[in-house]
Amino acid sequence: NVTRDYLKKAGINDDMNWKQIKMAICSGGKIYDFTNIAGLIKFKLLSARGKIRYGLFGAYVFTIMNPNQISEKLDAETWLLKYAGKEVTNKIFHELYAVNKFNIPLSQISAKQFASRLKAKEAIGTFGYPSRGLEIMVNYLADSIRNKGGTIYTGKNIQSINLKEKEIVMQDKNIRADIIINTIPIPA
């Protein structure tokens, strides 16, 4: 497990509090746990066909899908439309990710990165947080990046981020990178 190895290296594995993630969707004033079969059956936002497509997509993601085989150039919207269908893409993933999580269109999100998050069971996994706060994790990560020759920019006025091209446009310059770690608050 990559996360647990990282926490051990940072010296905070024993300091972590772990909780099972519970994910639900609120629609029409009702809360639906759509991470299990019973919740999916009761979920009124999707048609019967949409529920079947969503269930098949979930089975595909958790069994045979390999995010490493997805092209870096493919966007999440195109990928989701092909594998999850229009109804599931628009009613589930558009709302959860494009609107609420990333605040950018699915067409601007990398399919490979998106699929990796799904494969890692982001919606049904375990969430951990250090009892002494996140600063120790952030400092360890920053030191690791700098020790490997990476550059960290903070307090910059970012105009846009192109995840497909891995380019950040700032007020005073543009930066292309191999890896972009974005910690911009969701409202921004």
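**Figure legends: overview and close-up views**

**View 1. Overall make-up of the protein.** The protein has seven helices and seven strands, and the model shown here is a predicted one. Read from the N terminus, its elements follow the order α-β-β-β-α-α-α-α-α-β-α-β-β-β. The C-alpha trace spans about 50 × 40 × 35 Å along the principal axes, and of the 188 residues, 26% count as buried. Among contacts with a separation of 6 or more, 55% are made by residues 24 or more positions apart.

**View 2. The largest nonpolar core.** This core has 24 residues, and those with the most contacts inside it are Phe57, Trp79, Leu80, Ile92, Phe93, Phe114 and Leu118. Two or more residues are given to this core by each of helix 3 (48-62), helix 4 (76-83), helix 5 and helix 6 (111-119).

**View 3. Surroundings of Phe114.** When neighbours within four places in sequence are left aside, Phe114 is in contact with Ala76, Trp79, Leu80, Phe93, Tyr97, Leu106 and Ile109.

**View 4. Thr89 in helix 5.** Thr89 is found in helix 5, which comprises residues 86-101. Because its relative accessible area is 1%, Thr89 counts as buried. Not counting residues up to four places away in sequence, Thr89 touches Leu80, Leu81, Ala84, His94 and Leu106.

View 5. The protein exposes about 12500 Å², of which carbon and sulfur atoms supply 53%.

Methods:
Residues numbered from 1 in each chain as written. Predicted model: local features only at pLDDT ≥ 70, side-chain atom pairs only at ≥ 80, totals over all residues. Heavy atoms only, no water. Helix = DSSP H or I, 4+ residues; strand = E, 2+ residues; numbered from the N terminus. Buried < 20%, exposed > 50% of the residue type's maximum accessible area, 1.4 Å probe, protein only. Contact = heavy atoms within 4.5 Å. Core = buried A, V, L, I, M, F, W, Y, C linked by side-chain atoms within 4.5 Å. Areas by Shrake-Rupley, 256 points an atom, 1.4 Å probe, with all protein chains shown as cover.
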